[in-house]
Structure formats: C-alpha cells, structure tokens
Amino acid sequence: MTAALDLADIQGGILRAYGRQGFPKARYFFFTVRDAAKGRVFVEALRPRITSAARWKNPERGEPLLRTRNPRVKDVVRAEGLPDYPGRVELLKPKVAINIGFTFTGLFALGVPTRTLRAMPDEFIDGMEKRAAILGDDRFLGTRDAIWRNSSDEKRVHILVSLNGEMNPDGSPIAELEEETRALRSLCAASNGGVILLSGHGADQADHQDLSAILRRDATGLWPTNKEHFHISDGFGDPVFEGQFSGEAERLRMIGGGKLLHDQSWAPLATGEFLLGHPDEAQEIPGAAMPIEFSRNGTFMAYRKLDENVGAFRDYIDDQARRYARFAGVPTDAAREIVQAKLVGRWSDGVPLMEAPTFQKWQEFNAALTAATAAKDKAKLAEFALRFTSFTYRSDPVGARCPVTSHMRRANPRDTLDPHYSSPDKKSWDGSALVNRRRILRRGLPYGPWDYDAQPDGQERGIVFLALCSSLFRQFEFVQQQWMQYGLDFNAGSDACPVIGNHPPTEGGPPAKMMIVTDPAGQDLPFLCDRIPQLVEPRGGDYFFVPSMTALRLIGMGIIDPT
Amino acid sequence: MPNIDAGHYFFSAIVPVCNEGTIEHPGVDGKPIRSSPIHMVREALETLPTALQSHATEAIGIASPFARSLRTHFARFVVLDQPFFNGRAYGDAIVGTIRGTDLLAAEPDDRLSCPYLLVMIDFDPRDGGKDEPRAYFEELWGLMEPELRAVFGYCYGFPGVSGATGFAEWLISCQLDTTMPFNDYWIDPPNLPSLSAAGLVAILAGFVAVPILAQLRYHFWHGPVLILLVLLALLVGVAADYLLVMGRGARPFPGNPRATLPHILKSLYLQRAFARFVTDQQDRDPATWGAAFRDFLKTHRPEDLTGPTQPPGVIR
C-alpha cells in the first residue's frame, strides 16, 4: 500500500530536479558556524524561506510534449491533464527555490545532541575528504577548490544553502536570485560572527559557486538545455520511488525509472531508498538517528564539484573517431557520434543506444520524432517520451548495442546483474533486484560558460553533481567505487568508467581503455578505445544531511529530544 | 466500564490529523510560511509548556496549561505517524521454500492513511462520572481554548468546532475505551469484596446437589437421565461461577475517596512540610514538640485542601 508522503515536510530539491524544472540558474553558499546559538538563529531565520516538495502550479509552463525539444515522460502525464505530484495545489511555483543541508560537523556545531549524532552513519561522520580512497579522489585532493582544501577547524564547511532560480530571456539570472543572495548575506552578517560565509570557489576564490544550465540559442531566444559541457544530454532515468508522484504519474514514470520485477513489469522503488524513516528495498525501516522525526523525510546528499576537461574530451573523441572511421568504414562525423554514444550509452541528444543501436537507427528515430513534433502528434510524442527510459538490457547481454561498460549502463545496470540473466527459464529471472539498493537521485547543474557554442578557453567548466540517497555508503559510494572506478561486476576487470572514471597514467601498465563490443555472431570486429585521458576531475565536495522541515525546526529551535 | 477506574477517568482518543496540502502561518520573521498540517501540530506540542518538572522548566516558569484545571492528573500527547515496520514476518525457511515464497516480493506493511494524535488524559470525574468526559472537556475549553486550538486546529473535523460543547462532542467522537488504566493512590489495600475458592466450589456443588438429592428422595429418573442432569447442573454451576467472577471483575476498582488532585497536591505538600518539621524538631527538647506540632497543624492546615498546598503543574 502506498502511503501519501507529507510533501510539505520534505525539502523540494529531493523530489525535484530543479535544473529541469525551470530553475536553470543557481548559487550554492557554504557557511561555518562559530557560535551554536547564533547558528540556530540563522537556521530559524532561513527556515521560512526553504522550499518544500509540496505540489505547486506554474502558470507559465509551456504546452506539454511540445515545450521541449525531446518529449518528457512527465509531460505525458500532464498532457492527459493528470496531476504529477500528489496533494492539493496551493502554491505557485517560486521564482527561487532555497534548500539547506548540514555536514556532520555542522550539526555538531549547532548543538544537535550527542545521542542523535552518534546514530549517524560512518561515512557521513567521516565526510567526503576522509572517504577519498573509496571514491577515487585521493589523487585530486591537492587540486580541490580552496574551500574544500581548507575545510577544517575554523573554516570547516557546516551548512550548504542552495538557491536555484529562473532566468531572464537574455540568459541572466532573474533579479530575485540576487535579492535572495542579499538576504542570505544579511542574515549571515546579522549573526555577528556566529555564522561565516566561506569563500574559495574556483580560481577567483568566489564566496559562492555559480551554476547555470547550458543555454541553446535559436531564433526566439535562449533556452536551457539538459546538456553538460561535453555536450551530452543528461538527467534521464532518475529513480522513481513510492509516493514521489501521484498515482497516475507514478504508473508512467516508474517505467524505466522504477525497479524491474520478475515478470519484467516495472514498479516504483521503495521510499526508504531515498527518504529516511520509510521501508526500503530490504523490506525494513533502516536504523537512523533518533528521534525518528529528526530523520524521517530527510536524506543524505553527496555534493561533488566535477571539473570537465572539455578540450581533452573533444580531442579524444576526434582522435578515436578518426581511427574508428578508418576501422569501420564510416564517415568521421558519424564515427564521432558513434564513439561518444558507445562511451556514454546514449546518443548526444539522449536517445538510448538500446532504442537506436546504430547511427542509421538514431537518424531514423530523430526523423520520426521531428515529424511527430511538427505534426503536434501528442500520442506519438508520448510514445517517444517513454522510449527514452523504457528499456532493459536482456536483449543485449554482451553489450553489442549498449556496451556493458558504458557510463549509463554502469550507473544503472537495470537487469544486467540479474544472476539468472541468461537463464531460459523466465520464472527464474530476478529483474533489477541486485540494483535496487544502489540507486541514487541525481541533481545538480553545470558551472562555467553557459553558451552552448562557447569554445574551451581555459575557463573552468564542469558540473556540480548532487547524489541523494538514504545511505551514501550503500548507494552513492558503492556506485562510485564499484561501478565507476572498477569494472569487475561488468566482467571488465579494473577498467573504470570511460567518462567519469579515473584514468591515471600508469607507467608500464595498460592505459585506460574501453571495448566497443560487437555481436559475436556477426562480422564486425570489436573496437578498442584506448589511452583514455582523465576527462573528469573532482574539485571537492562533502556529505550533507538534508533534513525534513520538521528536523530543520528541531535544529533551529534547539529542541531535539533524543530520549 | 474501563474508562473509569480507581475513582479516576482515563480518557484515550486517537485524533486523525489532516495530511493534505499546506498551511500558511507567520514565520519567526513575521513573513508567511507554509508547512504541512502535522508539522503545525508538532510545533504546537513542542512549544506547549510542560509541567514545571525540571530546573530548566522551573526557570521558564510557565506551567502546563492543563495545570489550570484542578482536575487534571496527567495529560500526554503522542504523534502516530506510521506504524513502525519491522521487516518481513518470520517464516520457516524450509516451509517457505516448499511454498515457493518469493523473498524479493515485499510483504504488505500496514500504513496509516494519515497521522493520528494520541490523546491520553487522566482526570477526576464529577458525580461518579455521570456526565464525563463531556463536562471535563467543556471545562477545559474555558481554561485553555487557545492552546487546544493550536494543538487540534489541523485535525479533521476540528475547524467546524465552536464552543465548549462542540469541542467536547468532537473529541469524544475520537474516543477509544481505555483497557488498561493505572494509578496507585491507595496507602492501605482497599476493602475489596473477595470471592473465596470455597464459595465458588459451593455454588458449583449446590447446582450438582439438586438433581442428586431429588433422586435420592423421590427416585425420579433412570441412570442415564440422572447422569445427564448432573452434567447439566455442573455446566450451570460453572456458568454461574463464571458470571459471578466476570461481574465482579468488571466492577471498577474502588477509588480512594481522598485521591482527587487537590488531595494529592495537599498530601505532597504535607509530606514535604512534615519532613522539614521532623528534621527541625530532632535536636529540640521533646517537651516542646507538642506545641510545635500544634503550630504545624495551625500553619499547614492538613484538612484544608484550598491551602496552603502545592500548586498544580509543579513536581518537586
């Protein structure tokens, strides 16, 4: 039975990917608390501004299925006039969404009782720096932004406040984002040294992290895209869990986003995988910090600033494309798209390889999609929307269509890890059982120049990646360590993810590589992408507790009773 | 009637709290803030003053609003969000295998459709509880209406409540029978009528004896009929014993006539005053003790419940 979630008690950023919900501009601020009482006053003053996940109405939303280049599953629901989130609509979409999180030391600094803190998970107590060896960050600790290198003692990061705002037609953030920034600075100043805004982001040591979606320009103006700086469309296939959406929306969104059952049908994941205090995929309510209302409806978040080496990526793809073009006898432009798609698992516009396994099929997919868009054929567009996420890998055990070691298939292997994957007995199939406990909600936005056509020019570019889950250890760290930085689960030895994995220059050892596998029964030979350079480098981050509105009040009022 | 026991009324209710939408209310900075209804209930409860039961609460100096009623012994609120799910029910592995139990398929777990507020209040009933708990809640409404509005304002049905009568009716509609009341204000065991085992056996024997004696005197029945009648009499005897025991058991435990809240407060006050008195007299001449005790009685007036006494809502 699905219980209605108390959406107004859950912070908005957990359920909503702001970047794709009309908030393409963001600023992230980090604070340290030097006086517990003043820190609590700061939190209490901020509390009324925090955006919850309660359902809202956006009067400016465009026409479903036609408002974006590619149709989205959520628009399928909206096109039918069905509610996406449960509950009554009583809110208008805000201009700026504000959210807050705390590191372990932050909770300690704010006077959260020891009895509550002691039940926090190890990895959260450790913080991201201490987990560097697990995450594969140890080589990059010295090149992190100053704010993270200096995050100790008096400059320890305690509080994250994120502002996600709408944008003006000229691509600049709306004025309200600056107003909220000023209000935040004033609150900090009013603490009289009790709360300090930390600086040290990027080369110019800024006092906040500026973020923006990559913007595309057309005849009508600038439009936010779901691209990151490698020009790959991102943000498909986020997990869908029980209670997150209204019943009608859940029915559609769980297809490809939920969990795959024995009978190959889809179901939403257990709420407890993403929100504390609810039953999870192990069919129990996991232990959490007490009192339970402190943990319930909260979650954990990994904040990671990932620098993207755009020049190296483009050079590498060009180099491999030239080789692949010669090898496979295809034009270089097509080879560039093919190589990139094989590394990622999706074509550059997000069409999954499982839907369109060849360049030709991709062209056909897009031609049909363009025709449906031109004809405003909503029924057809609804079908297309589902094809972006609704697929399994059972038909492709060797990865001839979508390489098993591609970024997307590593991040969410769906049914690839089914122990009875190759069994002819359908009744023995286990669906995505081994993956259901390793899912993460992915949030965040790119930083750096937002012009889609801007060339690499030495400015820092990358993405602030936010991973939300109930257990950073079991979900985020596992995916990062075992599936991104290692390849044994995919029979790929110690090969790391071709896109975000570590590709260290090893003297005498094999350089980083990835095999573009072909059908063993066919004539085509496999192609080895080798000498993959380091494409993504971590620039720092930390683990945050994202409390419910109830817990935030308990923290701010200093009335947590753990007995 | 289990709600009244040992002379006290034990009120229990579960009140459903709205779980839809948001509530707009002023935040700390006066600007409007929107929260979920249960959030508002929690906030009202967390900021409701408790009894002055610790140094911290004594320093605040604001006692629980329930202390305004000299009939309230104890009041407790608990938010029931969801029943806590402890995982799959235990099942034998071999039996499960034979039955083909799919351990990956989650078992259904009970969920509440909305949060509930558990309300438990022990108070002194008037007139033997004839018009309770209605009279108590009507009185409470007059004593702490703003606090009651803050706590219950977002519960289903409450917004329609107007006045003391309406509040009492609404809360009583959420009442459950209290099945296990407890308090202990008896110093000596109360004089309870008891049933002796011998008495119960005698009742049983009495029923059985009737057909046997009748047979001995008049030779009415043949053997099998007599046996049947004896068995029937035995059953009637057992039933009579059962009804007797259950009837006595259903009677409320007698209340101590001196266990209303004013009595309890006075006795707590006297205990402390008398302990001080005894301590003071220890080193004094026993000849002065009588006069001192008369002074004690004059000062502390043990039979006067109106004072001096311990104020309600204070635990010392």
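I count a contact when heavy atoms come within 4.5 Å. With that set, I looked up Asp430(A) and, leaving out residues up to four places away in sequence, found that Asp430(A) touches Leu260(A), His262(A), Asp418(A), Pro419(A), His420(A) and Leu104(B).

**Ground rules**

I am working on a predicted model, where local features need pLDDT of at least 70, side-chain atom pairs count only at pLDDT 80 or more, and totals for chains, interfaces and linings use all residues. Residues are numbered from 1 along each chain as its sequence is written, chains are lettered from A and ligands numbered from 1 in the order in which they are written, and side-chain values use heavy atoms, with hydrogens and water left out.

**Entry 1: back to Asp430(A)**

I placed Asp430(A) in the loop between helix 16 (407-411) and strand 13 (441-447) of chain A. My helices (H or I, at least four residues) and strands (E, at least two) are DSSP runs, numbered from the N terminus. For burial I use relative accessible area with a 1.4 Å probe, protein chains only: buried is under 20%, exposed is over 50%, and partly exposed is in between. My salt bridge is a side-chain nitrogen of Lys or Arg within 4 Å of a carboxyl oxygen of Asp or Glu. For charge, Lys and Arg count as positive and Asp and Glu as negative, while His and the chain ends are not counted. Asp430(A) comes out buried and has no salt bridge; the nearest side chain of opposite charge is Arg394(A), 8.1 Å away.

**Entry 2: Asp6(A)**

I did find a polar contact of 2.8 Å between the side chains of Asp6(A) and Ser36(B). (That term is a pair of N or O atoms within 3.5 Å; within protein, one must be able to donate a hydrogen and the other to accept it, and residues adjacent in sequence count only if both atoms are side-chain atoms.) Not counting residues up to four places away in sequence, Asp6(A) touches Asn297(A), Ser36(B) and Ile38(B).

**Entry 3: the A/B interface**

Contacts run between 32 residues of chain B and 33 residues of chain A. The two chains bury about 2800 Å² between them, and 54% of that is on carbon and sulfur atoms; buried area here is the accessible area (1.4 Å probe) that two parts lose on being put together, summed over both. On the chain B side, His39(B), Glu46(B) and Arg111(B) lose the most area to chain A, together 21% of what that side buries.

I count five salt bridges between chain B and chain A, plus eight residue pairs in polar contact, both at pLDDT 80 or more. Strand 4 (32-35) and helix 1 (37-46) of chain B are the elements that give two or more residues to the side touching chain A. Helix 1 of chain B gives the most, with five residues. By class, that side of chain B divides into nine nonpolar, ten polar and 13 charged residues. The classes are: Ala, Val, Leu, Ile, Met, Phe, Trp, Tyr, Cys and Pro nonpolar; Asp, Glu, Lys and Arg charged; the others, Gly among them, polar.

Glu46(B) pairs with Arg553(A) in a salt bridge at 2.3 Å, N to O. Both belong to a salt-bridge network that links Glu44(A), Arg47(A), Arg553(A), Glu43(B) and Glu46(B).

I also checked Arg296(A) and Asp81(B), whose side chains meet in a salt bridge at 3.9 Å, N to O. The pair crosses between chains: Arg296(A) is in the loop between helix 11 (292-295) and strand 12 (299-308) of chain A, and Asp81(B) in the loop between strand 5 (72-80) and helix 3 (93-99) of chain B. Both partners are buried.

**Entry 4: salt bridges within chain B**

How many salt bridges does the structure hold over all chains? I get 51. One of them joins Arg68(B) and Glu147(B) at 2.8 Å, N to O. Arg68(B) is in the loop between helix 2 (55-60) and strand 5 of chain B, and Glu147(B) is in helix 4 (residues 134-152), 79 residues apart. Arg68(B) has 42% relative accessibility, so I log it as partly exposed.
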